[in-house]
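Work through these exercises with the structure open. Each task is followed by a stepwise solution.

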Amino acid sequence: MTEATSMLALVLATPFVTGIVLALFGHRRSAADINAAGSLLTLIAAALLTARVISAGPMTLFDEQFFVDPLNVFLIALTALVGFTTSLFSRPYMRVEHDHGRLSVLRLRLYHSMFQMFMCTMLVALSTNNLGILWVAMEAATLTTVLLVSLYRTPASLEAAWKYFILCGVGIAQALFGTILIYFAAERVLGPEGGALLWTHLDAVKSDLEPTVLSLAFIFLFVGYGTKTGLVPLHNWLADAHAEGPTPVSAVLSGLLLNVALYAIVRCKVLVDGALGTHFAGNLMMAFGLLTVVVPAFYLSRQKDVKRLFGYSSIEHMGLITFAFGMGGAVANFAALLHMTVHSLTKSAIFFAVGHASQMAGTQIIDDIQGLIKRSPTIGWALMLGSLAILGMPPFGVFTSEFMILTTAIKHYPWATPILLTALGVAFAAMFGKVQGMVFGEPTVRPLEHNPALLPVFVHLGLVLMLGLWIPPYLADWYRQAARLIG
Amino acid sequence: MSTALLHTVPLSGQVINLCAALMLLLGFAMLAQRRVLSLINLFMLQGVVLFASTLIVALTTKQSHLLYSAGLTLVLKVFALPYILHRLIRKLSVKWDVETLLNIPTTMLVGIGLVVIAFNVAQPISQLSGTITRATIGIALACVLLSFLMMITRSKAVPQVIAFLAMENALFFAATSATYGMPMVVELGIALDVMVGMVILGVFFFHIRQQFDSLDIRHMERSKDA
Amino acid sequence: MREWILLDSITMTALGWLAIGVVGVAFPRRFTLISRVLFPLGAAFGLVLALLALNAIGSDAQVRILALGLPDLPFHLRLDALSAFFLFLLGVTGAGISIYAAGYLRKGEGTAPGLHCLLYHLFLFSMAFVMLADDGYAFMVAWETMALSSFFLVTSEHRHAEIRRAGYLYLLIAHIGAVGILLSFGVMAGSAGDYTFDAMRDFSTLGNWPTIAFLLALFGFGAKAGLLPLHVWLPEAHPAAPSPVSAMMSGVMLKTAIYGLLRVAFDLLHAQLWWWGVLLLVIGLGSALFGVIFAAVQTDMKRLLAYSSIENIGLIAVGCGLALVFKSFLLPNLAALALTATLYHCLNHAFFKSLLFLCTGSVLHATGERNLGKLGGLIHRMPWVAWLALVGVLASAGLPPLNGFVSEWLLLQSFLFTSGLPHGYLNMLLPVVAGAIALIAALAGFAMVKFFGIVFLGQPREEKLSAAHDAGRLERIGLLWLAAGCVLLGILPNLVITLLDPVTRQLVGGGLAATAASHGWWLLAPISEDRASYSPAIFLGSIAVFMPLVFWLVRRRFHGRLTRVAPWDCGFPLQTSRMQDTAEGFGQPIRRIFSPFLRRSGEHPSPFDVTPRYSSRVEDPFWYWLYLPIARLVEYGTRLIAFLQQGRIAIYLLYSFITLLVLLVVPRG
Amino acid sequence: MNVYALFAQLLELVIALLLAPLLTGWVNQCRAWLQNRSAPPLLQTYYTLSKLFHKDVLIAHNASSLFRAAPYIIFACMALASAIVPTLSTELIFAPAADAIALVGLFALARVFIALAGMDVGTSFGSMGSRREMLVGFLAEPALLMVFFTASLISQSTSLSTIVDTLAHSEFAIYPSLAFAGVAFTMVSLAENARVPIDNPTTHLELTMIHEAMILEYSGRHLALIEWASSLKLFAYSCLGLALFFPFGIPATAEPAALSFALVILVVKLAMGGAALALIETLNAKLRIFRAPEFLGTAFLLAVLAMLVHLLLEAGP
């Protein structure tokens, strides 16, 4: 127990401390390296914690305020990993931005410290056992990312940040109301001192909780956290935020933040469906999931900005995951968790590649990026393979989860499959056409002056490829345990 | 609520119900309000009511941490935020009348509709509320929806933010008087977030002013797909 | 240590291909290594694979479970008669194509040779694994890998926009089809999501589910095979690809789709309905007619061949359909006959179509021209290619004694013995279908004469053609290999039929070997000798005797001298190469007869035009009937949905608000 | 197979090779009479052939080896074809070697080669002729096959000997389907043998000719072989028609007596058939080339009709 405590403390404290340090010394040349080092330390701590949990099973820490079980520890590990690779990527990227004069040193300092703070908030949100603290952490994550999105202070970025702040702020407020309602219901069962916001306690007594209140609460929580997940029609902030923020931020936004928000929803779903004894929450998630798969697919073909394009594709995949969680059951949950993993790996890899590509072209407009593969084969192939992976092409892992989701859907919810099929077809047609144009053809782009950080890209794609061909046993039963927790 | 029921409610409960009613009233007042300065004042009044209700709940239920949160409310919602807002509009010299995207009477009508919905939704919950204050959940929900509506209808940044804070108030009200307060940690966290959020917004306003030389959010409709 | 079985050796051979590819990409610039060592090595592996598969056809099924794959679903491999046959097809054709490709590879063309080597061998590898896969997941992975690698091969000249477009279309349709296959597996999957083919065999789905599974599979595999109306990618992608790749795609990859269709329709689903067969038959017939008509009017030699591939796939589908009908009426022997014809035609088409595509490759390298209107007279410049192409042309026109004729003969036979089906309409209609097939075969003859005559015969239509050079040594070996295959398959049908016997027994529970072999190797009589018989050996033999005999007699009796003069041509004085038929001219009767089916456009000059320019294009009507409407529909939906994204924050808040209210007012629980 | 069968086979071949030009001559003679012109002698075709054989050969400069090989291939194909068709007996050693479908394939093979030869020199008329020949071919071939299918549905076999056996020696029965088939077959064979109304073997009007246009560049022995081959083709078609629709007198055995008797009958039948052909040619005018599809389409439909009639009336359930 104790060493687990210390590890969790390390996981949570490292980014916080690093953030403080960077807030003070972030203007030094070495800031990027400090950033990377902090992330690495977090990653190591997370890995140790994960190992601990796998061996010892779920555990609550810090007098039950924190709680790690296979479900969230795997997300913690994933978050730490992507955070680390992103920090690696952002070293050359941010230097180039600085050299191009798009960012002052002070902005770099802000970026670095906020990046770490953002990691910290997400890790707290994942590991906390207290729904209230979960809410606080989510709100804090919003605030930090608002600063990150508006980093360039251009009109567009301010606009994006403003929309992001208002929409997510309002959404989060709804989530708070839902949390209050849950407390309201739980307090009548557990009493004021019974830790009525602690998920473990709630989970223990969920069958006694008042159904009407919880269903109401779930609506608020769903709308609230759903806004952050980017569920249609609450998604409108997402594309802008992805397009206007610095690329590393886009990577962590769609790679991690959406996952965390979805994680919150799933936690609540477990409680609510337990209390109602019906499939209410599940149906809600399926409905919104389907909507969220279809609508962005149609947006894709209109996109001019490459990061916006992939922002919409993130929305689509979130919809798919939500749908899968909504279906429930061993296979679907397994698939959803797997899809979470591969999506955040692939999508962040794509954003890395896109970042370099747009720096090569000096623009984010798709039509002005052409023939990457001639100028820099690695970036070109990274973008091409990443896009094919995210479009669900075997042998990449995204296909694995889509295979499970689709086959489960046609077994249990056949009516949903035509919708999914349409969405996937349209998305493929739109996105692949654009990516092909960017990668192939007569080059319009210049080679980069700094050698790009391609290690993260290929590490991610390699992992995704591995997950498509072979899921390590421990990973597999880890997923299984998590899927069982969700039920 | 029938009179028979009314008599069973102790005085404190009645006062809290009164506060709830005041909250709702203030909500409507803000919805109807055209001038920014008076908006801020109304917001301050809401803070006062919130403080009062929290205090009463704290005294009746003898929960110490509710006292702290009452104090927190006083400091934050009655003094700090209104002060910050005042300074902001002085700095940005925005004393204009608030233009609404929807004319006031319509807004009011919609607001009444929202109240009806909110009460009906809250009905089953109020029935099984163990606390002495039955109606508060419904009223809090109504206030939340009203401030939501206000955010939609206001076309300038500052009123939008005030509406946002009003929503925060409503939530706080629900937390304290309907459920007798969340755990301290949570309340502290919430308060902190609100505070930080305000600061960030303050910074934001200046940048927005620089970029768009106006706080009219209708300037910020560039990035779209339509 | 488990014992080493045939399946392992085959897997190893396939992995060998992968290894070759990896080595190639490891030394991307070592041109000689890649072209002179790796590709021939790949060809050798192809031979090995063919031999192993040949042994495997007879022996009974073998199963292996790999350590890869999903946690609950590791890759299952299975080697049975069906897969062995198609592996044999892959190996024996791939050998020829690889050795040709070794000679065909040029410096500084398309993608870097190392990458090309990797993609090419990955393509081969994935096709082998498609045949071996024994569970839905492994199949899909191999299937899509095949699509991907071939896509990259097709777009290796990606600087041209139309080639990018072709590749895009190809991958799009392939992917949509793949999703169809995936869903069909999902339908067939055993309870509790068991996607092994064994589970699918055991799992007896009820109600309409088998039909849905079949239709989904038909959609998916039809998209890959190029059946109507999902054929549009084929005439785009085949010309775009480098010739060995087009040969591989048309010769082998299309057959993987047939393999999948057979696997699903005959092996995984037990209860076939007769109208499945009829549906397949109708679609196949449509594709065949469409393909051959369009082949006859093409002006690009590779497009011509691509359309002729659609035709042959159509014929194969007709065979499958007929076999399905017979199986559903429990007539195993007739089903075996039809199925034998089908599989035989798969093999034949693999040979002659690859041969022809490779020949176009040599022509392309020699002249840089794909347009029939700019070719001609190449038989003088490149005799090797010309004569070998002639073999392919005769085979593909379905003329005795070459292989194309044998399978068409068998197909017609199987149509003639339909009377006796417990279904009046079928009895009436199937012989008429046989007539349609005869028409298709004859039209194929027309198209092939056009192809050969215009490319290789006549006078060269351009000056630069006089610089054309014949195929290199390695290329010749590849061409010879395939041509020899065409001849042998034509001469020794009984061997092939005995080879196919286990396959038909596995799928329809009947075989021809007993009756066919009873008359000795030289006589093919599937049912009985006085019912129908054909002996290519005697056929070829007698022609081969008559010809020299006549020649000898004539030359011995008469000694007229032979002198070269200017062509006579009814004494018309001025003979230019422009006066021969162009491709358009040769196709003109077809255009005229079948004009209702075609969408024609072009300019026909008036007789008083001083600078007349004649042009005539025939476009695929399916674009206008099917694809463009769909595209427009999607475009409309896009505009509709994009309207939501107004950019106004108030609107966005309104969305959230309305969502919340709706969720609040709708009943919960 | 016995020695008789071998003998019969050889005899048939020799007879075909010898009689074919005679038949052509006979048809020309009849036609001349019918058109009351002064007729060429009966043996005119032989004279022409020997004359051509003795002549020198002129070949265009860019004629390829395919051009020179084609006549021999075509001749061989036609000889084989006329050997396959059962004229004197149904007991032939080549009978199992090729059935009706293979026979059609054989004709197609010859056609493809002559068409290629026509395109080889690269003259305008040559390629025009080849195009038209292939046009006629792909329309005539399916019709011919359908005719055979009708017969083979009757006899449940596609082997020519069996068909003729069934038609000639099974107890007498009237097959209405064969009437349709017969008409279709006549039309097809007119087209296939370059006869009026599709083509005119004696024309050299450039724009109307088909067969002549293809062989325009041939001379000397090559031309002789091709001419001989085409008369062989006519002979084969005639024998085929006679065997299918007037099969009387074709013995099932190959004893010399039977053979000699069959030979007499054959000659008589051929004489009548030739006369009939001449009559048809005289009564019809040549069609425009684009009427040919309609003509052959009609033939195809008649053949299909024949098959349906058979399935309707004759196929016992």
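**Exercise 1: a helix pair in chain A**

Task: Find the residues through which α1(A) meets α4(A), then describe how the two helices are arranged.

Solution. This is a predicted model. Start with the contacts. From α1(A) come A:Leu8, A:Val11, A:Leu12, A:Pro15, A:Phe16, A:Thr18, A:Gly19, A:Leu22 and A:Ala23. They meet A:Arg109, A:His112, A:Ser113, A:Gln116, A:Met117, A:Met119, A:Cys120, A:Leu123, A:Val124 and A:Ser127 of α4(A). By class, the residues of this contact are twelve nonpolar, six polar and one charged.

Next, the geometry. The axes of α1 (residues 2-25) and α4 (residues 105-127) of chain A come within 7 Å and cross at roughly 160 degrees. Angles over 145 degrees count as roughly antiparallel. Therefore α1(A) and α4(A) are roughly antiparallel to each other. The crossing is left-handed.

**Exercise 2: where chain D touches chain C**

Task: Work out which element of chain D gives the most to the side that touches chain C, and how β1(D) pairs with strand β3 of chain C.

Solution. Count first: 72 residues of chain D are in contact with 69 residues of chain C. Elements of chain D that each supply at least two residues include α2 (44-54), α4 (100-120) and α9 (220-245). α5(D) gives the most, with 17 residues. The chain D side divides into 45 nonpolar, 18 polar and nine charged residues.

Now the strands. β3 (residues 562-565) of chain C and β1(D) run parallel, joined by four bridges. C:Val565 has D:Ala60 as its bridge partner in β1(D).

Definitions and conventions: Residues are numbered from 1 along each chain as its sequence is written. Chains are lettered from A and ligands numbered from 1 in the order in which they are written. This is a predicted model: local features need pLDDT of at least 70, side-chain atom pairs count only at pLDDT 80 or more; totals for chains, interfaces and linings use all residues. Two residues are in contact if their C-beta atoms, placed from the backbone, lie within 7 Å. Ala, Val, Leu, Ile, Met, Phe, Trp, Tyr, Cys and Pro count as nonpolar, Asp, Glu, Lys and Arg as charged, and the others, Gly among them, as polar. Two strands pair if DSSP finds at least two bridges between them. Axes are lines fitted to C-alpha atoms, for helices over the stretch in contact, and angles run from 0 to 180 degrees between N-to-C directions. Angles under 35 degrees count as roughly parallel, over 145 as roughly antiparallel, 65 to 115 as roughly perpendicular and the rest as oblique. A crossing is left-handed if the near helix is turned anticlockwise from the far one by less than a right angle, and right-handed if clockwise.
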